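This briefing is for a reader who is new to the structure shown below. Please look through the sequence and the model before reading the points that follow.

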Amino acid sequence: MNYPHQISTLEQYDIAYKTSIESPEAFWDSIARNFSWRKKWEKVLDWNFIEPKIEWFRGGKLNITENCLDRHLLSNANTPALLWESNDPEEHHRVLTYKELHFKVSQFANVLINNGVLKGDRVCIYMGMVPELAIAVLACARIGAVHSVIFGGFSAQSIADRLIDAHATFVITCDGAFRGNKAIALKEVIDDALVACPFVKRTIVLTRTRQPVSMIKGRDVWWEDEIRKVETHGNPECKAVEMDAEDPLFILYTSGSTGKPKGVVHSCAGYMVWANYTFINVFNYHPGEVHFCTADIGWITGHSYIVYGPLSAGGTSLMFEGVPTFPDAGRFWDIVDKFKVNILYTAPTAIRSLMSFGLKPLEGKDLSSLRVLGTVGEPINEEAWHWYSDNIGKGNCPIVDTWWQTETGGVMISNMAGVTPGIPSLATLPLPGILPVLLDENGVEITTQEASGNLCIKKPWPGMLRTTYGDHERCRTNYFVMYPNFYFTGDGATRDMNGNYRITGRVDDVLNVSGHRIGTAEVENAINMHVGVIESAVVGFPHDIKGQGIYAYVIYSEGTHELSLVRQDVLKTVTRLIGAIAKPDVIQFVTGLPKTRSGKIMRRILRKIAEGETQNLGDTSTLLDPTVVDEILKGKEV
Ligand code: PRX
């Protein structure tokens with residue numbers, strides 16, 4: 001056994017699961033002892049799902065960076081903490097040992113202090129996948145500032161919305177970011193966002209691409225200059241600020257069924273315990289192994305399984321700046337070969353995209369170091385699962401299909417590598433501490449073993465969200481009202497006779513495009529902003545690579561431009577307002593939308609049409625004007 005709380009056999013899983021459900025306080029008490037605390041907790045758990053109020057390890061004091069860095073210095077100072085592979089295969093990779101990472105985090109934490117950042121301040125981080133992104137995240141945590149990382153693909157408007165919502169007064173960014181053959185002008189996007197955010201006091205800009213940027217006097221400073229100042233002024237040490245177990249660690253915005261993303265708030269202690277516990281147990285991580293999570297730190301997967309999970313376990317985490325297809329579709333396999341990666345954790349969409357290039361990109365690549373494979377973000381289809389297993393895992397690697405969400409902080413339902421069996425396209429069993437239930441449409445728990453329903457969680461777990469930033473009521477109404485006394489995931493699922501879960505997808509108006517959550521209302525709002533658009537309705541449809549594509553039905557007023565140009569303009573508008581990830585794959589101009597007499601759009605019908613259905617559209621008798629359906633069917637491009 002490598003970690004005291006690592007599960008190595010099926011029997012151990014059964015015992016751990018049973019104990020965690022029957023005596024959660026005793027169970028998590030014994031696990032939390034494996035961390036470094038300034039002061040021990042007084043009460044393990046206090047909760048209700050009505051307010052909701054969730055408190056783990058009440059009274060405990062700690063700093064997560066002492067758990068991710070300081071405590072490894074004694075015996076693991078020279079172990080690589082972060083490995084970094086550039087977008088450019090010719091550029092030298094970087095290795096930061098625990099000692100070096102500790103030094104750099106302390107140094108940058110001092111930069112933050114010098115620039116006036118205080119405990120509790122919100123700091124927005126908008127950077128490419130460079131080691132300094134992880135350093136910035138950890139430096140915030142070190143001084144108790146609440147980081148809010150925004151994925152580098154979001155637009156200026158999206159950033160401004162998030163800055164305003166969190167009232168973030170500090171921004172950390174880069175001049176630009178390399179992704180494939182592009183250099184994305186991040187600072188320029190931030191400049192546009194900051195026009196609407198005069199409350200931002202300071203922007204710290206890291207040099208990466210060396211593209212020209214405008215630096216505003218009094219507001220913008222260079223990362224490198226600020227580091228020089230702390231280098232010349234004394235002690236590189238930065239003592240970690242003592243945090244309460246329940247103090248917020250970070251905010252991460254995610255889409256819901258309303259038009260406005262919500263700021264999911266995670267706490268210091270519970271999140272740490274959960275990220276660590278799930279990392280060690282889902283991947284069966286052994287010290288010394290190289291863990292390669294291909295996500296971006298802008299998403300929860302990067303937070304939990306590039307930064308906090310691996311580092312709290314003293315592990316070696318590999319960060320990749322680029323994209324899987326640059327300079328060619330063999331890039332992931334080159335990286336696995338080069339760094340002798342042991343655990344590869346990626347998204348089904350990436351697997352499907354790489355599958356489409358055939359087996360040639362694998363030729364000459366030694367993948368024998370791989371021991372465990374993982375997937376996350378969306379259901380994995382069986383074809384992709386087998387391709388991954390046969391060609392990447394060579395039939396020797398368990399695949400963990402990990403179901404979880406931004407709100408859950410870490411993996412919730414998944415097989416555990418080498419411990420509990422995997423089943424193609426099933427997330428399988430809940431992790432210890434997780435009590436999933438399926439509810440029918442009346443909110444009644446389905447107690448038969450084989451079942452299909454809406455997936456809820458019955459009891460709190462340490463890594464669950466605590467609130468939505470600045471609006472606790474929103475947290476309550478989003479997750480705890482539809483099914484009182486349960487946390488509602490927004491997903492549908494089935495359960496087989498052995499208790500294995502298969503996630504069937506979102507049951508709310510949230511799309512999952514390439515493993516990214518996008519609210520249909522957000523996309524509609526953006527489309528409706530375009531001049532001439534009267535109304536729109538957005539639904540998902542099956543997409544070979546992305547899992548789900550975005551299909552937009554748009555009512556457009558008569559205008560002087562031809563529709564092909566309007567289509568491009570609408571795409572441009574969505575890119576400007578949200579980001580390229582939300583661009584519809586299909587735009588169909590229509591004259592009307594199917595609505596009920598009360599004015600509600602019948603998305604069910606639109607979804608069926610988008611899926612290619614022409615006959616069985618279900619009951620259309622309640623429609624105000626059933627002829628619009630025929631019009632839409634006639635106008636559909638085949
Ligand atoms: O619908 C589920 C899907 O992704 C949603 C969560 O998205 P997000 O908060 O962006 O987090 C993604 C990374 C954790 C879920 O509600 N999802 C995630 N993992 C799986 C999945 N669907 C099926 N199988 C999975 N393994």
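In helix 8, the buried residues are Leu 186, Lys 187, Val 189, Ile 190, Asp 191, Ala 193 and Leu 194. Buried here means under 20% relative accessible area, exposed means over 50%, and partly exposed lies in between (1.4 Å probe, protein chains only). The model is predicted: local features need pLDDT of at least 70, side-chain atom pairs count only at pLDDT 80 or more, and totals for chains, interfaces and linings use all residues. Residues are numbered from 1 along each chain as its sequence is written, and side-chain values use heavy atoms, with hydrogens and water left out.

- Helix 8 covers residues 186–194, and because seven of its nine residues are buried, the helix is largely enclosed by the rest of the structure.
- Helices (H or I, at least four residues) and strands (E, at least two) are DSSP runs, numbered from the N terminus.
- Helix 14 spans residues 382–392, and its buried residues are Ala 384, Trp 385, Trp 387, Tyr 388, Ser 389, Asn 391 and Ile 392.
- The cover over the buried residues of helix 14 includes helix 12 (331–339), strand 18 (343–346), helix 13 (348–355), strand 19 (372–376) and strand 20 (399–402).

**The ligand and its surroundings**

- The ligand is surrounded by 17 residues, and the closest are Asp 401, Thr 402, Thr 406, Asp 491 and Arg 506.
- By type, the shell around the ligand divides into six nonpolar, six polar and five charged residues.
- In this division Ala, Val, Leu, Ile, Met, Phe, Trp, Tyr, Cys and Pro count as nonpolar, Asp, Glu, Lys and Arg as charged, and the others, Gly among them, as polar.
- A nitrogen atom of the ligand lies 2.8 Å from an N or O atom in the side chain of Asp 401.
- For Glu 378, a backbone N or O atom is 3.4 Å from a nitrogen atom of the ligand.
- The side chain of Gln 405 has an N or O atom 2.9 Å from an oxygen atom of the ligand.
- Taken alone, the ligand exposes 550 Å², and the protein buries 96% of that.
- Accessible areas come from the Shrake-Rupley method with a 1.4 Å probe, and for residues only the protein chains shown count as cover.
- Helix 11 (300–312), strand 20 and strand 25 (501–506) are the elements that give two or more residues to the shell.

**Backbone features**

- Glu 51 and Pro 52 are joined by a cis peptide bond with omega of about -10°, and Pro 52 sits in the loop between strand 1 (43–48) and strand 2 (53–58).
- Phe 326 and Pro 327 are joined by a cis peptide bond with omega of about 0°, and Pro 327 sits in the loop between strand 17 (316–320) and helix 12.
- Phe 57 is not a glycine, although its phi is positive at about 60°.
- Phe 57 lies in strand 2 and counts as buried at 0% relative accessibility.
- His 167, which is not a glycine, has a positive phi of about 45°.
- His 167 is in the loop between helix 7 (156–166) and strand 8 (170–174), and is partly exposed with a relative accessible area of 39%.

**Cysteines**

- The whole structure was searched for disulfides, and zero were found.
- Cys 197 is in no disulfide, and the nearest cysteine sulfur, that of Cys 124, is 8.9 Å away.
- A disulfide is a pair of cysteine sulfur atoms within 2.5 Å.
- Cys 197 is buried, with a relative accessible area of 2%.

- Ser 106 lies in helix 5 (residues 98–114) and is buried, with a relative accessible area of 1%.
- Leaving aside neighbours within four places in sequence, Ser 106 is in contact (heavy atoms within 4.5 Å) with Arg 142, Pro 236, Glu 237 and Cys 238.
- Ser 598 lies in the loop between strand 30 (586–590) and helix 18 (603–610) and is exposed, with a relative accessible area of 69%.
- Ser 598 and Thr 622 are 24 residues apart in sequence and 9.8 Å apart in space, C-alpha to C-alpha.

Methods. Near = heavy atom within 4 Å. Polar contact = N/O pair within 3.5 Å; in protein donor to acceptor, adjacent residues only side chain to side chain.
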